[in-house]
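Work through the exercises below with the sequence and the structure at hand. Each task is followed by a solution in steps.

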Amino acid sequence: MPKKIDLAERKEQIVKATFDVIYQYGFEKTTLREIAKHAGLSLGSVQYFFPKQQDIYSFAMEVIFHRFEVRMQQVVDVEEDQDIFEAAVRMGKQIVQIHTEEGRIENDIWVKFTLMASMNPEYQDLREEYRKINLNFAERILRILHQHGYIENADKIKEEAHAFIIFITGLVFESVIYDYLYDEEVVDNKVREYLKSICH
């Protein structure tokens, strides 16, 4: 009797292979055939889940977005006895995620996807969704700082959140392009300096 295939597990296997291929070769050289090869599957098996290349790109980015949201939720609940400024620094660093190889790979893929999506209208909604997630999270960090007296003017929080996410996005791009210059300590210092500059 043939072994029953776990569809969720198979899909995860394909997504992992997709990340590997995109990370190594970029979106422009990523094909369903190459993904199938890396996953150790037939092309037909991959196409069963993802008939078109766009389908697998969209799903892969949704996986990254979901992982990001899970990480954000894990750090966003500030405990009463916690230093609020330190908690804000920790939250900001989550977007850059330099401390694990998996995090660095996801950042690399996100940068490549952002550049690719800027030239492909079919990915605009997905790109905008991720920006919105980041922006909402940045605003949440600043509201926590405001609630605890670190930021005085509540009216400027949305504007400050835009500036903060521009800074963080630049940090992500820098850490991907010049990875040899960025470790956890450097990122910590950069985020800490930025938040200090907007706190009184």
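A charge sits over a ring if NZ of Lys or CZ of Arg is within 6 Å of the ring centre and within 35 degrees of the ring normal. The model is predicted, so local features need pLDDT of at least 70 and side-chain atom pairs count only at pLDDT 80 or more, while totals for chains, interfaces and linings use all residues. Residues are numbered from 1 along each chain as its sequence is written, and side-chain values use heavy atoms, with hydrogens and water left out.

**Exercise 1.** Find the distance of lysine 11 from the ring centre of phenylalanine 59.

Solution. Lysine 11 is placed over the face of phenylalanine 59, and the distance to the ring centre is 4.5 Å.

**Exercise 2.** Classify the aromatic pair of phenylalanine 164 and tyrosine 194.

Solution. Step one is the rule: rings of Phe, Tyr and Trp (its six-membered ring) pair if their centres lie within 6.5 Å, and planes under 30 degrees apart count as stacked, over 60 as edge-to-face and the rest as tilted. The whole structure holds 15 aromatic pairs. In one of them, phenylalanine 164 and tyrosine 194 are 5.4 Å apart centre to centre with 20° between the planes, and the pair is stacked. Step two is location: phenylalanine 164 is in helix 8 and tyrosine 194 in helix 9 (residues 184-198), 30 residues apart, and the pair links distant parts of the chain. Helices are DSSP runs (H or I, at least four residues), numbered from the N terminus.

**Exercise 3.** Why is the pair of phenylalanine 49 and phenylalanine 50 tilted?

Solution. The ring centres of phenylalanine 49 and phenylalanine 50 are 6.4 Å apart and the planes meet at 45°, so the pair is tilted. Both phenylalanine 49 and phenylalanine 50 are buried.

**Exercise 4.** Describe the surroundings of asparagine 134.

Solution. Asparagine 134 belongs to helix 7 (residues 124-147). With a relative accessible area of 4%, asparagine 134 is buried. Beyond its neighbours within four places in sequence, asparagine 134 is in contact (heavy atoms within 4.5 Å) with Phe68, Ile95 and Ile165.

**Exercise 5.** Which element gives the largest share of the lining of the second largest pocket?

Solution. Helix 6 gives the largest share, four residues. By class, the lining of the second largest pocket has three nonpolar, no polar and five charged residues.

Definitions and conventions: Helix = DSSP H or I, 4+ residues; strand = E, 2+ residues; numbered from the N terminus. Buried < 20%, exposed > 50% of the residue type's maximum accessible area, 1.4 Å probe, protein only. Nonpolar A, V, L, I, M, F, W, Y, C, P; charged D, E, K, R; others polar.
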